[in-house]
Amino acid sequence: MHFACIHGSFLGPSGGFRDIDIGVWVEASSIPPEAALEYEWRESSHLERHVEYPIDLRVLNWASIGFNHAATGGFLLFAKGKALWYNFREAAWNQYLDFSPLSPQMLFDLLGASPHSLPAE
């Protein structure tokens, strides 16, 4: 594991959270995409035995652009070197800003609809 960050509702001011969200960046060769889900479940279960709250751990290497963008709003828990964390944050923001203006139209294209076909409010 190269770094771990905590993010999500646990960090919110209201204290109204359901779980603790943790993102991790792993050596890609050690956890390939097809093994990520099992790794996430195993490590979440391990951590839950040590805290009193549910843990939702995600491998950031294989997470979506939107998820990684959200994770960058969190706090670093651990890092072998902070450069990778900073590089991850910069890449996540760049990808998100490149993608987000196009995402509504891509969704409409996927659904075979257009923004003009939505019912008026």
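**Reading the terms against the values**

The chain of this predicted model has four helices and four strands, and from the N terminus on these elements run β-β-α-β-α-β-α-α.

Q: What makes the chain more spread out than a compact globule?
A: The radius of gyration of the chain is 17 Å, whereas the globule rule gives 14 Å for 121 residues; the value is well over that figure, so the chain counts as more spread out than a compact globule. The C-alpha atoms fill a box of roughly 50 × 35 × 30 Å when it is taken along the principal axes.

Q: How many of the residues of the chain count as buried, and what does the surface consist of?
A: Buried means under 20% relative accessible area, and 26% of the 121 residues of the chain count as such. The chain exposes about 8,100 Å², of which carbon and sulfur atoms supply 59%.

Q: Why is Trp-41 called exposed?
A: The term exposed applies over 50% relative accessible area, and Trp-41 has 57%, so it is called exposed.

Q: Which residues of α1 are buried, and what do the buried residues pack against?
A: In α1, Ala-36, Tyr-39, Glu-40 and Ser-44 are buried, and the buried residues of this helix pack against β2 (20–25) and β3 (55–59). In an α-helix there are 3.6 residues a turn, so residues three or four places apart point the same way.

Q: How do you know that the span of α1 is close to the expected one?
A: Helix α1 (residues 33–48) has 16 residues, and from its first C-alpha to its last it reaches 23 Å, which is close to the 22 Å expected at 1.5 Å a residue.

Q: Why is Met-1 called partly exposed?
A: Partly exposed covers the values between the buried limit of 20% and the exposed limit of 50%; Met-1 has a relative accessible area of 40%, so it is called partly exposed. Met-1 lies in the segment before β1 (3–7).

Note on methods. Residues are numbered from 1 along each chain as its sequence is written. This is a predicted model: local features need pLDDT of at least 70, side-chain atom pairs count only at pLDDT 80 or more; totals for chains, interfaces and linings use all residues. Side-chain values use heavy atoms; hydrogens and water are left out. Helices (H or I, at least four residues) and strands (E, at least two) are DSSP runs, numbered from the N terminus. Buried means under 20% relative accessible area, exposed over 50%, partly exposed in between (1.4 Å probe, protein chains only). The radius of gyration is taken over C-alpha atoms; the globule rule is 2.2 Å times the number of residues to the power 0.38. Accessible areas come from the Shrake-Rupley method with a 1.4 Å probe; for residues, only the protein chains shown count as cover. The expected span of a helix is 1.5 Å times one less than its number of residues. Contact means heavy atoms within 4.5 Å.
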